[in-house]
Amino acid sequence: MRYSEAFIPTLKEDPAEAEVISHKLMMRAGCIRKLTAGVYTYLPYGLAAIRRVERIVREEMNRAGAIELMMPMVQPADLWRESGRYIKYGPELLRFTDRHERESCLGPTHEEVITDLIRKELHSYRDLPVNLYQIQTKFRDEIRPRFGLMRGREFLMKDGYSFDADDAGAEITYWKMHEAYKRIFSRCGLRFRAVQADSGTIGGNFSHEFMVLAKTGEDTIVACAACEYAANVEKAAIAAPTPAQPGTALCETVETPGKKKVADVCAFLGIEASELVKTMIYLADGKPVAVLVRGDREVELVKVKNMLKAVDIVPATDDEAFAATRMPPGYLGPVGLPIVICADQEVMAMAECVVGANEKNSHLRHVVPGRDFQVDANRIGDLRRVAATDRCPRCGGALEMTEGIEVGHIFKLGTGYSEAMKANFQDADGQERPFVMGCYGIGVSRVVAACIEQNHDEHGMVFPVPLAPYQVIILNLGVQDEKITACAEELYAELQQAGIDVLLDDRDERPGAKFKDADLLGVPFRLTIGKTFLTKGLVELRARRSGESVEVAPESLVTLLCQRIEAAMPE
RNA sequence: CGGGAUGUAGCGCAGUCUGGUAGCGCACCUGAAUGGGGUUCAGGGGGCCGGAGGUUCAAAUCCUCUCAUCCCGACCA
């Protein structure tokens, strides 16, 4: 591509609306422009990066035996009613009515459509397994779209769905996809980690997220320093603590005037936060529930949600909490609380603790869990968020916490959808059985954003070779000079011939402007043809990432560049 | 949805408190010089000051409403 004929509108300054680096750089480098909140046009340069990701995704999906198709974006509401998700999916599902008053929605994901397709088309175990995928625009009406392509409402996704005859088959498919995903992100040149994850709204019981390691990540993950264990903090399991010998002192009320916060109560009573139990009120699908965790811990809402099998769980406001409990906020405790109580396992293992007295300005001490208050056994469990001081649940090793950007997510879905939608096949024994499903997603546009979060410097983007729209940029620093221009043109033609994607900066711009743009665009290799060519007949080859440069004779460049590019391709 | 902030030329911003008829830098157009890290000089074009209503002789500026965008939160009772 000739720069003079390209459409790469670069900006000198960061746009005011962009906060994170990938958003700023994608705007500045002419990759994207915003149309409305969370909705972007992919300009040619950004699109080219997306296409690179797509290509790798296709190759690896196909290699793993998946087959590409394309499903509609507009979907009938009835299909979503059948799966039960028309209500459950919530306001993120954009709904509308067409001219015939038919209720419809924009597909945020395609389990319903694919399940409908398969139940109509496949009837025998002989046809299984089958694994289908598409790369398509999704729409999710996010509460708060942000950070450019990182969390858009409209975004490009690879979504795949597998159908197996039984659980064992589904697991084989699952691990095939796990392997394919590792290959995909490795080939993209990203530093990532596969972590155990919560399966969220989609449901199911086995799930991994693929996290690109970058500071701006919206997720926190824990990884064991000693073994392979890694998990999203939402999911990270905490080993059951050894129960302490229950205390024998009798429970008593203490005055704690005006002390509502954990820190205040602890300071006042001269105890550690770990000796106190806090009582948090939530609304699970509208029903109030109290959650007990130690004073120094944080409730992990996803875990509570899963324990209660709730669709939606939110912290109650003071007013809602009061309405539910008739007890004064700030002094809530489990003793005599008239609503459902869930307790973190650690709480029930405490010898004794301090809790709110359900009475203004008072707390209770020497409270023995299980003696002074009861919690149903099925409401006791791992409900708190993992802390950096926790040990690996698998091997007991030290845990490290890192920020990550979720770029891929795979689920073993089981038969939830197939049962709800009556998607059955006939097995060898003549029995009707539901398909055992799996689903596999990659945020293709987000991969590009995550890549930039992970690969940039103060001058701009630093594309890894596999995702770079152009591997090489040629700077013609003498568009007025016949010799320089002839050399640039010749190299341009030769590199293209060699199958390299190359951008020729043939604009009548000052050298400074060309250098700045080349850096901003993050093209991995830069060839500069100017003075040195006139004096020594040499061309400068500079690597964007390392900044190393060498002066090379033009005739040896094609071979050299092919080698360098080859060397920079992972795998 | 709650809280905060911001909407003035394509982009980044000043002007708003204290009302007087719109400005700076970059970009763009013309000309000249320049040509290895966003070059210089001269000249020029471009704005319903987010929108609607109100107050006033007069509104970018004050008031009311609205729309949009961005950030934080929606766990520490």
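This is a predicted model: local features need pLDDT of at least 70, side-chain atom pairs count only at pLDDT 80 or more; totals for chains, interfaces and linings use all residues.
**Entry 1: confidence**

I checked the scores before anything else. Chain A has a mean pLDDT of 91. I noted that 99% of its residues reach 70 or more. For the complex, the predictor reports an ipTM of 0.91. The pTM is 0.89.

**Entry 2: who surrounds the RNA**

How many residues surround RNA strand B? I found 53. The closest are Arg144, Lys278, Glu298, Pro315 and Arg510. I then looked at the RNA side of the contact. Of the atoms of RNA strand B that come within 4 Å of the protein, sugar and phosphate make up 48%.

Next I sorted the protein surface near RNA strand B by class. I got 26 charged residues, 18 nonpolar and nine polar.

**Entry 3: contacts to the bases**

I looked up polar contacts that reach the bases. The side chain of Asp508 places an N or O atom 2.9 Å from a base nitrogen of RNA strand B. Arg526 has a polar side-chain atom 3.0 Å from a base oxygen. Gly530 uses its backbone instead: an N or O atom there lies 3.1 Å from a base oxygen of RNA strand B.

**Entry 4: which elements line the surface**

Which element gives the most to the surface near RNA strand B? I have α14 down for this, with seven residues. This helix spans 511-521. I listed the elements that each supply at least two residues. Among them are β1 (32-36) and β14 (277-284).

Is β30 largely enclosed or open? Four of its five residues are buried, so the rest of the structure largely encloses this strand.

I followed the pairing on both sides. β29 and β30 run antiparallel and are joined by four bridges. Within that pair, Thr528 has Glu540 of β30 as its bridge partner. β30 also runs antiparallel to β31 (residues 549-552), again through four bridges. There I found Val539 opposite Val552 of β31.

Last, I looked at the turn. The hairpin of β30 and β31 has five residues between the strands. Gly547 in this hairpin takes a positive phi near 80°.

**Entry 5: where this leaves me**

Technical notes
Residues are numbered from 1 along each chain as its sequence is written. Chains are lettered from A and ligands numbered from 1 in the order in which they are written. Side-chain values use heavy atoms; hydrogens and water are left out. A residue is near a molecule or strand if one of its heavy atoms lies within 4 Å of it. A polar contact is a pair of N or O atoms within 3.5 Å; within protein, one must be able to donate a hydrogen and the other to accept it, and residues adjacent in sequence count only if both atoms are side-chain atoms. Ala, Val, Leu, Ile, Met, Phe, Trp, Tyr, Cys and Pro count as nonpolar, Asp, Glu, Lys and Arg as charged, and the others, Gly among them, as polar. pLDDT is the predictor's confidence in each residue, from 0 to 100. Buried means under 20% relative accessible area, exposed over 50%, partly exposed in between (1.4 Å probe, protein chains only). Two strands pair if DSSP finds at least two bridges between them.
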